[in-house]
Amino acid sequence: MNENDPARRRIILSGIQPTGTFTLGNYLGAVKNWRQLQKEYDCYYFVADLHALTVYHEPAMRRKASRAAFALLLACGLDPEKSLVFIQSHVSAHAQMGWMLSCLSPFGDLSRMTQFKDKSAKHPEDINAGLFTYPALMAGDILLYQADYVPVGADQTQHLEFTRNVAARFNHVYGETFRLPEGYFPKAGARVMSLAEPTAKMSKSDENAKATIFILDDEKTILKKFKSAVTDSDAEVAFREGKDGINNLMTIYSAITGKSCDAITAEFAGKGYGDFKTAVGTVVADELRPIRERYAELLTDKAYLDAEIARGAERAAHIAEKTLAKAKRKMGLC
Ligand code: TYM
């Protein structure tokens with residue numbers, strides 16, 4: 001089928017690291033969209049455990065975290081009958097492709113990656129080569145499945161640009177092999193900020209317990225965290241420069257309810273920040289409750305989880321191996 005034929009089903013691919021429970025940022029910036037895209041596209045979603053190796057974790061914790069992340073993806077509504085859901089390290093093609101692409105990755109480009117700079121500043125005692133070549137592995141993840149679109153939060157834009165560049169370089173040097181993927185960003189929620197410091201990204205590893213909503217937080221905890229969210233000293237719920245805290249709360253509210261900023265401003269006209277914070281906390285708690293319940297259920301069904309993990313790996317390997325073989329042929333490896 002012709003590449004541009006509208007009848008060709010487009011391919012979606014994305015991944016998430018299994019380093020602790022997902023945050024509301026992961027959910028609104030990525031996983032919520034993944035669920036919605038299942039209807040229209042061929043979707044591949046995975047737990048990026050090879051990427052998580054760049055930071056040390058105890059092996060037993062790592063094993064547990066990967067399974068938990070897989071279960072969380074299903075709990076968030078990824079349906080293994082519709083999408084291919086798998087764990088990255090179970091498909092050996094990822095590591096091989098990552099190496100092949102790292103040999104086409106300029107040192108200068110890798111040095112400019114914000115995530116590398118941030119993470120190496122955070123862990124100065126462990127700046128390893130994996131942290132540095134991380135974008136080449138990520139490019140391999142995407143290119144192995146010939147993805148058309150990659151739904152991610154705004155923090156991954158640079159890595160996507162890198163992927164396109166490396167794919168174009170490979171195609172130029174070795175001949176047409178990879179499709180150049182495009183980012184797919186949500187209208188609201190692409191950048192969810194910390195509740196305690198709204199100029200910084202909401203992140204799993206924040207030391208301030210009030211900064212981050214985890215998707216397994218219970219209702220009471222969620223409401224409490226929103227109540228203590230940092231805002232400003234004027235009292236208008238409006239999206240404006242300088243109102244980082246309120247802008248963030250509006251982004252979250254909008255990502256869940258689908259309401260525009262103007263509609264939200266009108267809804268809370270004449271009301272205080274207290275009412276607004278409670279409203280945001282309530283919609284978030286309502287959205288996350290079924291995920292928490294489904295997750296608890298899934299963890300009790302060990303046989304089902306094991307079977308889905310194995311099935312996902314087998315199906316993903318089948319697809320990835322084909323592209324890997326093609327790339328190896330082009331490079332003169334076989
Ligand atoms: P990770 O695990 O850091 O995050 C998973 C997804 O969540 C998004 N995200 C956010 N979105 C909005 N606001 C936030 N505060 C926020 N925090 C995280 C991220 O943008 C991401 O979409 N390198 C990737 C994992 C990966 C990957 C891939 C993704 C590996 N290979 C191939 C896509 C395609 C990462 O570390 O995501």
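In this predicted model, the count of disulfides comes to 0. Cys-76 takes part in no disulfide, as the nearest cysteine sulfur, that of Cys-43, is 15 Å away. The chain is divided into domain 1 (11-190 + 302-331) and domain 2 (219-295), and a search of the whole structure finds 13 aromatic pairs.

**Cysteines**

- Cys-76 has a relative accessibility of 1% and therefore counts as buried.
- The closest cysteine sulfur to that of Cys-334 belongs to Cys-103; at 16 Å, the separation is too far for a bond.
- Cys-334 has a relative accessibility of 60%, so this residue counts as exposed.

**Domains and their contact**

- The centres of domain 1 and domain 2, taken over C-alpha atoms, are separated by 30 Å.
- Domain 1 contributes 12 residues to the contact, and domain 2 contributes 12 residues.
- The size of an interface is often expressed as the accessible area lost when the parts come together.
- Between them, domain 1 and domain 2 bury about 1000 Å², with 75% of this area on carbon and sulfur atoms.
- The count between the two domains is 1 salt bridge.
- Arg-35 forms a salt bridge with Glu-287, and the closest N and O atoms of these residues are 3.7 Å apart.

**Aromatic pairs**

- A pair of aromatic rings is described by the distance between the centres and the angle between the planes.
- Among the 13 aromatic pairs is that of Tyr-41 and Tyr-149, whose ring centres lie 6.0 Å apart with the planes at 80 degrees, so the pair is edge-to-face.
- This pair links distant parts of the chain, 108 residues apart: Tyr-41 is in the loop between α1 (24-37) and β2 (42-47), and Tyr-149 is in strand β4 (residues 149-151).
- Tyr-41, at 12% relative accessibility, counts as buried, whereas Tyr-149, at 21%, counts as partly exposed.
- Tyr-253 and Phe-276 also form an edge-to-face pair, because their ring centres are 6.0 Å apart and their planes stand at 75 degrees.
- Tyr-253 lies in helix α10 (residues 244-257) and Phe-276 in helix α12 (residues 273-300), so the pair ties together parts that are 23 residues apart in sequence.
- Both Tyr-253 and Phe-276 are buried.
- Tyr-44, Phe-46, Phe-86 and Tyr-145 are linked into a cluster by ring pairs.

Definitions and conventions: Residues numbered from 1 in each chain as written. Predicted model: local features only at pLDDT ≥ 70, side-chain atom pairs only at ≥ 80, totals over all residues. Heavy atoms only, no water. Phe/Tyr/Trp six-rings, centres within 6.5 Å; stacked < 30°, edge-to-face > 60°. Helix = DSSP H or I, 4+ residues; strand = E, 2+ residues; numbered from the N terminus. Buried < 20%, exposed > 50% of the residue type's maximum accessible area, 1.4 Å probe, protein only. Disulfide = S-S within 2.5 Å. Domains from an automatic or database assignment. Contact = heavy atoms within 4.5 Å. Buried area = accessible area lost by both parts, 1.4 Å probe. Salt bridge = Lys/Arg side-chain N within 4 Å of Asp/Glu carboxyl O.
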